[in-house]
Amino acid sequence: MQNAFIESFNGRLRDVLLNETLFTSLPQARVALRCWRADYNDARPHSQVGWQTPSEFAATCNPRRDLALRYVEGSAPAPATAHMDTSSRPNELRPG
């Protein structure tokens with residue numbers, strides 16, 4: 001067992017959906033998984049997050065990654081681009 005959380009999730013997915021459904025095509029499997037995932041994340045309360053749905057719990061969190069998303073255009077001054085200049089090496093990258 002590598003990760004108890006993922007092992008638990010995989011077991012639940014297998015018991016509730018995969019063992020109960022006979023899929024006849026890949027599109028049918030994708031639709032069934034999409035519906036199950038929406039139900040799991042948006043409709044079912046979970047005991048580990050105070051009987052909230054995962055979506056409700058996620059809305060109460062203040063993730064640190066919001067700080068990284070503040071700069072939409074990135075923090076780098078400019079992307080590196082290849083310039084073909086005869087005085088320099090042909091594969092040299094310069095900020096552009």
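## Salt bridge

Counting as a salt bridge any side-chain nitrogen of Lys or Arg within 4 Å of a carboxyl oxygen of Asp or Glu, the total is 1 salt bridge. The side chains of D39 and R44 form this contact, with 3.1 Å from N to O. Side chains of opposite charge can pair when their charged atoms come close.

Relative accessible area under 20% means buried, over 50% exposed, and in between partly exposed (1.4 Å probe, protein chains only). D39 is partly exposed at 31%, and R44 is also partly exposed, at 23%.

## Basis of the model

This is a predicted model, in which local features need pLDDT of at least 70 and side-chain atom pairs count only at pLDDT 80 or more, while totals for chains, interfaces and linings use all residues. Residues are numbered from 1 along each chain as its sequence is written, and side-chain values use heavy atoms, with hydrogens and water left out.

## Chain as a whole

Along the sequence their order is α-α-α-α-β-β.

Of the 96 residues in the protein chain, 11% are buried. Where contact means heavy atoms within 4.5 Å, residues 24 or more positions apart account for 9% of the contacts with a separation of 6 or more.

Note on methods:
Helix = DSSP H or I, 4+ residues; strand = E, 2+ residues; numbered from the N terminus.
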